[in-house]
Amino acid sequence: VENFGLNASYQLIDMKTGRPVLSDATFARVSYDIPGQEQRFARSRALRDSENRAAKVIADAIQARLASYFVAKT
């Protein structure tokens with residue numbers, strides 16, 4: 001088993017003033033299994049799948065944070 005981590009920082013910028021109205025950061029940690037040596041490309045595919053899963057977690061976290069901002073303005 002191996003782990004993959006992804007960190008993201010983002011800002012929401014007010015288009016009129018050019019100032020950031022929201023700055024935040026999020027992260028995702030996922031694990032993936034590596035089958036035996038007999039499967040040549042399994043490790044590469046498992047890593048790519050874990051990258052996609054981590055990116056989905058990050059995207060969902062950013063979407064939830066932005067939704068919270070637009071509802072509560074905080």
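What share of the contacts in the protein chain between residues at least 6 apart in sequence join residues at least 24 apart? The share is 51%, where contact means heavy atoms within 4.5 Å. This is a predicted model, in which local features need pLDDT of at least 70 and side-chain atom pairs count only at pLDDT 80 or more, while totals for chains, interfaces and linings use all residues. Residues are numbered from 1 along each chain as its sequence is written, and side-chain values use heavy atoms, with hydrogens and water left out.

**Overall layout**

- The protein chain holds one helix and two strands. Helices (H or I, at least four residues) and strands (E, at least two) are DSSP runs, numbered from the N terminus.
- The order from the N terminus is β-β-α.
- The protein chain is more spread out than a compact globule, because its radius of gyration is 17 Å, well over the 11 Å that the globule rule gives for 74 residues. That radius is taken over C-alpha atoms, and the rule is 2.2 Å times the number of residues to the power 0.38.
- The C-alpha trace spans about 55 × 20 × 10 Å along its principal axes.
- Of the 74 residues in the protein chain, 19% are buried. Buried means under 20% relative accessible area, exposed means over 50%, and partly exposed lies in between (1.4 Å probe, protein chains only).

**The strand pair**

- Strands β1 (residues 2-13) and β2 run antiparallel, joined by twelve bridges. Two strands pair if DSSP finds at least two bridges between them.
- Ala 8 has Thr 26 of β2 as its bridge partner.
- Tyr 10 stands opposite Asp 24 in β2.
- Six residues lie between the strands of this hairpin, where Gly 18 takes a positive phi near 80°.
- Lys 16 sits in the loop between β1 and β2. Lys 16 is exposed, with a relative accessible area of 82%.
- Lys 16 and Gln 39 are 23 residues apart in sequence, yet 54 Å apart in space, C-alpha to C-alpha.

**The helix**

- Helix α1 covers residues 42-72, which makes 31 residues. From first C-alpha to last, α1 reaches 45 Å, close to the 45 Å expected at 1.5 Å a residue. The expected span is 1.5 Å times one less than the number of residues.
- The buried residues of α1 are Ala 42, Ala 46, Ser 50, Ala 54, Ile 58 and Tyr 69. Their cover includes β1 and β2.
- Gln 63 also belongs to α1. Gln 63 counts as exposed, at 54% relative accessibility.
- Gln 63 and Phe 41 are 22 residues apart along the chain, and 33 Å separates their C-alpha atoms.

**The core**

- The largest nonpolar core has eight residues: Phe 4, Ala 8, Ala 28, Val 30, Tyr 32, Ala 46, Ala 54 and Ile 58. β1, β2 and α1 each give two or more residues to this core.
- A nonpolar core is a set of buried Ala, Val, Leu, Ile, Met, Phe, Trp, Tyr and Cys residues joined through side-chain atoms within 4.5 Å.
- In soluble globular proteins, nonpolar side chains tend to be buried together.
- Ile 58 touches Leu 6, Ala 8, Thr 26, Phe 27 and Ala 28, not counting residues up to four places away in sequence.

**Thr 26**

- Thr 26 lies in strand β2, residues 20-32. Thr 26 counts as buried, at 16% relative accessibility.
- Leaving out residues up to four places away in sequence, Thr 26 touches Leu 6, Asn 7, Ala 8, Tyr 10, Ile 58, Ala 61 and Ile 62.

**The chain end**

- Lys 73 is in the segment after α1. Just after that helix, Lys 73 takes a positive phi of about 60°.
- Lys 73 counts as exposed, at 55% relative accessibility.
- Lys 73 and Leu 22 are 51 residues apart along the chain, but their C-alpha atoms are separated by 9.5 Å.
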